[in-house]
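Look at the structure first, then read on.

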Amino acid sequence: MPAEVNLIVRSRGAERAADIVAAYDANERDLFSFVLAVTRDRSAAEDLVQEAFLRLIREAHAGRFPDNARAWLYRVAVNLARSRARRMIVADHWRGFFAARNTDPSAEDEIMRRERGDVLRGALAALSTEARMAFLLASDGYSGQEIAGIIGRNEGATRTLLWRARRDLRHQMEAEAQG
């Protein structure tokens, strides 16, 4: 556990310090991998995972340590990722008003963009954030019921979301292979 988190746990006198440390040790790596796959941004993933654990510390300090810390952390991370995605949409909308107009990307930028076009990542990126989260959770071994609880949908809607995500990925992968 990072020194900063350990200091917060001790300074607040949390009764559940051992539970927080155990939750961190057991979940930090998997949670980071999941959030990185969702956001595709290492810095953002680090920030979101850190925020999720800070919220766990706050909950423990308030005497509300979750029964299932792993599921709670994933739920918080999903909500944080959703909020970040919403903020990014708004920022992208307004960026055009502040960015220089009629500027073409440099040749170097164009080459770099093409090199990053990995087929699977491109196909995943084409999915909605919620579909990508559900697909990645399913590929991590979560059941449909667990995924539904994490992303805040009912189980039937989650199954439909997963089916469509898999179908869309399959179509995009086939299209890339042919063309």
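A crossing of two helices is left-handed if the near helix is turned anticlockwise from the far one by less than a right angle, and right-handed if clockwise. With that in hand, turn to the model, which is predicted.

**Confidence.** The protein chain has an average pLDDT of 83. A score of at least 70 is reached by 82% of the residues. Among the elements, helix α3 (residues 42-61) has the highest mean pLDDT, 94. Helix α1 (residues 3-11) has the lowest, 51.

Two packed helices are described by the angle between their axes and the distance between the axes. The table gives both values for two pairs.

| Pair | Axes come within | Crossing angle |
|---|---|---|
| α2 (residues 17-39) and α7 (residues 129-139) | 9 Å | roughly 145 degrees |
| α7 and α8 (residues 144-151) | 10 Å | roughly 140 degrees |

α2 passes α7 in a right-handed crossing. On the α2 side, F34, A37 and V38 make the contact. α7 brings T129, R132, M133, L136 and L137. By class, this contact of α2 with α7 has six nonpolar residues, one polar and one charged.

α7 and α8 also cross in a right-handed way. Here α7 contributes E130, M133, A134, L137 and A138, while α8 contributes I147, I150 and I151. The contact of α7 with α8 has seven nonpolar residues, one charged and no polar.

Most residues other than glycine have a negative phi. R40 is not a glycine, yet its phi is positive, about 60 degrees. R40 sits in the loop between α2 and α3. Its relative accessibility is 47%, so R40 counts as partly exposed.

Technical notes: Residues are numbered from 1 along each chain as its sequence is written. This is a predicted model: local features need pLDDT of at least 70, side-chain atom pairs count only at pLDDT 80 or more; totals for chains, interfaces and linings use all residues. Side-chain values use heavy atoms; hydrogens and water are left out. pLDDT is the predictor's confidence in each residue, from 0 to 100. Helices (H or I, at least four residues) and strands (E, at least two) are DSSP runs, numbered from the N terminus. Axes are lines fitted to C-alpha atoms, for helices over the stretch in contact, and angles run from 0 to 180 degrees between N-to-C directions. Contact means heavy atoms within 4.5 Å. Ala, Val, Leu, Ile, Met, Phe, Trp, Tyr, Cys and Pro count as nonpolar, Asp, Glu, Lys and Arg as charged, and the others, Gly among them, as polar. Buried means under 20% relative accessible area, exposed over 50%, partly exposed in between (1.4 Å probe, protein chains only).
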